[in-house]
Amino acid sequence: MSMKESLVRCAAKLPGALSLMCAINAKKVRAKYGDLPVQPNKIVFTNYMGKGYGCNCRPVAQELIERGADFDMVWAVKDPEKQRGGFPDNIRLVKYGSEEMMREYATAGFWVCNYHLVDIFGHGLRKKEGQTYIQMWHGSFGIKRQEKDVAALTKDKVWVKFSKMNSQNTDYWISNCRFEDDVYPRSFWDVKNIKPFGHPRNDIFFRPHGEMRRAVKEALGIPADCRFLLYIPTYRDDMSTAYYNVDFAALKAALEEKTGKPWKIAVRLHPKLAERASEFVPVSSDVVDATGIEDITDLLASADAALTDYSSAVFDFMLSRNPAFIYATDIEKYNTDRGFYYDIYTTPFPVATNNEELLDNIRNFDAARYQEKIDAFLADKGSYERGTAAKQVADLICTQIK
């Protein structure tokens, strides 16, 4: 059972309030860790809730390592033993949700993450004087409504309580555009000190990364002379994959007809559906399962084209300037259930609601017009992406410690 699940079950015992059990647990946690001294040079990183070396935290850690900075870096993961191989030797691993993790958080000078630390606050730990919390989140130019702006996400009053506490305790929010500057305060309750740095994970699109691309293609079994399209659908609340009915054979044929080059399709399911990849990804020499690649940024920076429904990852991919398409069969329903911040048809990506429209969008794709739309979109959203975000976050950390 996750920390969130245990927290919610505990709180559910008293409608509308935390149970006595949760309150007692919180007091115990504060008594156990509250007086521990803060180590100014310790940084605890968390990627989502226990994932590996990836997303926005990874390039910040790499930047600090390359500087030779004297930091004690800790990363909270689900399985330290199994995930050890994916990390540099000078990053210590701790089990996510463990007492050891709570102790590391209680004594760290910096908390750096891409997700709410609701579990931390929900179990009684509180940020102390001398600790700095940097939130980098995990979306870019996100079209999907989030947190306070989504009715379905605010039904859990316990989650809301600690999400608010999380925002109130966050010292810096890292933004990649003026659009995010506006969304963060509205959707995350209490946001202050927004830093216009860009997202560290997107720095990769502004520098050569041929070696990484070769490694990704080799890991996927894609020949060096073959291009690949990355299909990255998001999840639905009912966890249905009925909306993922892409005709992969026809898609491959259309790409090859358009470019005169060989193509393969790489499919990466959302982490919430990762365990179902084998039942969804067809057994085919032309379609490969990319769900096992730890960091989606490596895939985005390596792909020659992308296809999604509503995943914010496509907005990261846009910075590669490679073609991207939207295939969404339930736009009206999704907009009702979750909601969009802006019209999906105003993005640079050609939109299709069925397979025939998707194939037509590929056949009629206008590369020059697509680049113009990207420029207009980035200007409209006020993009801060320059390829220097990791450096700026690292500078912020180093400045704070001084």
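The model is predicted, with local features requiring pLDDT of at least 70 and side-chain atom pairs counted only at pLDDT 80 or more, while totals for chains, interfaces and linings use all residues. Residues are numbered from 1 along each chain as its sequence is written, and side-chain values use heavy atoms, leaving out hydrogens and water.

**View 1. Helix H3 (residues 57–67) and its cover.** Buried residues (under 20% relative accessible area, 1.4 Å probe, protein chains only) in H3 are Cys57, Arg58, Pro59, Val60, Ala61, Glu63 and Leu64. Their cover, by contact (heavy atoms within 4.5 Å), includes strands S1 (39–46) and S2 (72–77) and helix H17 (389–401). Helices (DSSP H or I, at least four residues) and strands (E, at least two) are numbered from the N terminus.

**View 2. Strand S5 (residues 132–135) and its partners.** Thr132 and Ile134 point one way and Tyr133 and Gln135 the other, all being buried. Strands pair if DSSP finds at least two bridges between them. S4 and S5 are parallel, with four bridges, and Cys113 stands opposite Gln135. S5 also runs parallel to S6 (residues 172–175), joined by two bridges.

**View 3. The largest nonpolar core.** Such a core joins buried Ala, Val, Leu, Ile, Met, Phe, Trp, Tyr and Cys residues through side-chain atoms within 4.5 Å. Among its 73 residues, Leu220, Tyr231 and Leu251 touch the most other members. Helix H10 (residues 248–259) supplies the largest share, five residues. A second, separate core of 27 residues includes Ile134, Tyr172, Ile174 and Ala389.

Terms used:
Buried means under 20% relative accessible area, exposed over 50%, partly exposed in between (1.4 Å probe, protein chains only).
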